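Please work through the exercises below with the sequence and the coordinates at hand. Each task is followed by a solution in steps.

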Amino acid sequence: MESTDIAARIRNHQPGHALARDFYTNPAIFERDMERMLLRHWFCAGHVSSIPRPGDYLVVDLGQESVIIVRTFTGEVRALLNVCRHRGSRLCSGRSGKAQSARLTCPYHAWTYDLDGNLLVARQMPESFRRTDMSLKTLLVRVMEGLIFTTFAKDPLDLGNAADALARSAGVHGWATAKVAHRELYSIRANWKLAVENYTECYHCTPAHPEFAKRHVYARPAELNEELERAGRTRAAALGIVVPDIDQYGCAAGPGRESVAVMRSALHDGIVSATDDGRSVARLMGSFSAPDGNSTYFDIGPISDFLAYPDHGVIYRFIPRTVDHTEMEVIWLVHQDAVEGVDYDVERLTWLWKTTSAQDKKIVEMNQAGVNSRYFEPGPYSLQETYSARFVDWYLKELSP
Ligand code: FES
Ligand SMILES: [Fe+2]
């Protein structure tokens with residue numbers, strides 16, 4: 001597909017409607033998504049507690065790209081491109097690991113790098129070869145409230161507002177001193193934008209997520225929740241919990257700034273956590289001296305979303321891979337001192353979001369199957385899908401020539 005064809009499709013978009021079929025199916029548009037949006041923004045690579053010691057690493061993917069997020073000897077978190085400087089092999093496979101003897105050794109011809117990406121060993125190279133020219137390429141990294149963010153951008157979007165918003169959300173929830181209790185990877189046969197649009201709206205929550213809808217008032221239209229939300233704010237205020245709503249989502253972030261949004265919403269009466277019985281599942285985190293019956297939704301950039309309860313947290317990492325394949329990693333956080341089997345039970349902790357994520361995978365794949373039809377015509381968004389509409393506006397703006 002030519003650039004002019006993409007531009008014409010952007011011009012033909014009907015405001016307030018879903019995107020046309022090609023945006024979800026055309027590989028050339030996926031390439032444009034990568035260049036113009038996904039490689040430009042910051043995204044969450046995980047939580048620092050996953051790599052506590054020097055040499056511990058995570059492998060995070062985006063499209064065809066892969067990055068090693070490693071803890072160095074100085075305690076820093078570094079992001080190294082997972083591409084050997086010899087003939088390009090991936091250095092690390094799997095989702096996480098530990099560098100043997102604090103070295104990253106390529107499995108192909110054994111070029112060996114230190115944890116900062118400097119090349120240490122390359123056998124049988126000609127005299128003119130200079131090891132110092134062959135360090136692994138690096139990406140920028142920012143750790144905020146225990147969350148690791150990275151970006152492929154050379155000239156990155158400003159994170160000042162995002163850092164402030166995270167301090168006032170994840171910070172209040174104690175995420176800087178949390179630990180990962182469980183990780184789950186979902187493979188979704190759908191375009192990444194269908195997965196993200198689905199995450200940004202709760203129009204589907206009542207029909208598709210009965211378990212979520214019984215616990216979160218957010219499943220219902222806002223006008224039905226005014227009293228419950230007010231009661232939730234009163235409960236929070238009584239405990240001294242202050243988490244302001246922040247809306248700098250998408251285009252609202254302003255030029256050169258990363259998108260960020262924070263929103264609090266109440267749980268139904270008597271529910272204090274995302275559990276089967278609505279009771280707490282782990283010890284309280286951060287500033288909470290008691291559960292306040294609310295949840296905090298926040299997001300940074302287009303593919304990193306977060307949800308915090310007083311006693312645990314959930315990270316959603318959307319990982320666009322190809323035009324019709326997206327992965328979603330869900331990571332559960334608990335207090336760093338919580339002991340599995342004593343303070344929390346993983347089954348109980350993960351039940352709601354395992355149930356909900358399996359439902360989302362199914363509906364998003366059904367959505368893709370329908371959108372693949374030559375007869376698909378984008379329909380109008382409802383009043384409960386305003387964030388999806390804003391996501392689409394933002395996306396088209398970023399893709400525009
Ligand atoms: S490709 Fe890595 S050592 Fe050859
Ligand atoms: Fe959903």
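The model is predicted: local features need pLDDT of at least 70, side-chain atom pairs count only at pLDDT 80 or more, and totals for chains, interfaces and linings use all residues. Residues are numbered from 1 along each chain as its sequence is written, while chains are lettered from A and ligands numbered from 1 in the order in which they are written.

**Exercise 1. Describe the overall dimensions and composition of the protein.**

Step 1. Count the secondary structure: the protein has 10 helices and 17 strands. Helices (H or I, at least four residues) and strands (E, at least two) are DSSP runs, numbered from the N terminus.

Step 2. Compare the radius of gyration with the globule rule, which is 2.2 Å times the number of residues to the power 0.38, the radius being taken over C-alpha atoms. For 401 residues a compact globule would have a value near 21 Å, and the protein, with 22 Å, agrees. Along the principal axes, the C-alpha atoms fill a box of roughly 75 × 55 × 35 Å.

Step 3. A residue is buried if 20 or more other C-beta atoms lie within 10 Å of its own, exposed if 12 or fewer, and partly exposed in between, with C-beta atoms placed from the backbone. Of the 401 residues, 42% are buried.

**Exercise 2. Find the orientation of helix H3 relative to helix H10.**

Step 1. H3 (residues 27-38) and H10 (residues 386-399) have axes that come within 9 Å and cross at roughly 95 degrees. The two helices are therefore roughly perpendicular to each other.

Step 2. H3 contributes Arg32, Arg36 and Met37 to the contact, and H10 contributes Tyr395, Glu398 and Leu399.

**Exercise 3. Which residues does leucine 307 touch, and is leucine 307 buried or exposed?**

Step 1. Leucine 307 belongs to strand E15 (residues 304-308). It counts as buried because 20 C-beta neighbours lie inside 10 Å.

Step 2. Leaving out residues up to four places away in sequence, leucine 307 touches Ser295, Tyr297, Gly313 and Val314.

**Exercise 4. Examine the positive phi values of serine 101 and glutamine 124.**

Step 1. Serine 101, a residue other than glycine, has phi near 50 degrees. Its place is the loop between strands E5 (96-98) and E6 (104-105), and with 7 C-beta neighbours inside 10 Å it counts as exposed.

Step 2. Glutamine 124 has a positive phi of about 60 degrees, although it is not a glycine. This residue is in the loop between strands E8 (119-121) and E9 (138-144). Glutamine 124 counts as exposed, with 6 C-beta neighbours inside 10 Å.

Methods. Axes are lines fitted to C-alpha atoms, for helices over the stretch in contact, and angles run from 0 to 180 degrees between N-to-C directions. Angles under 35 degrees count as roughly parallel, over 145 as roughly antiparallel, 65 to 115 as roughly perpendicular and the rest as oblique. Two residues are in contact if their C-beta atoms, placed from the backbone, lie within 7 Å.
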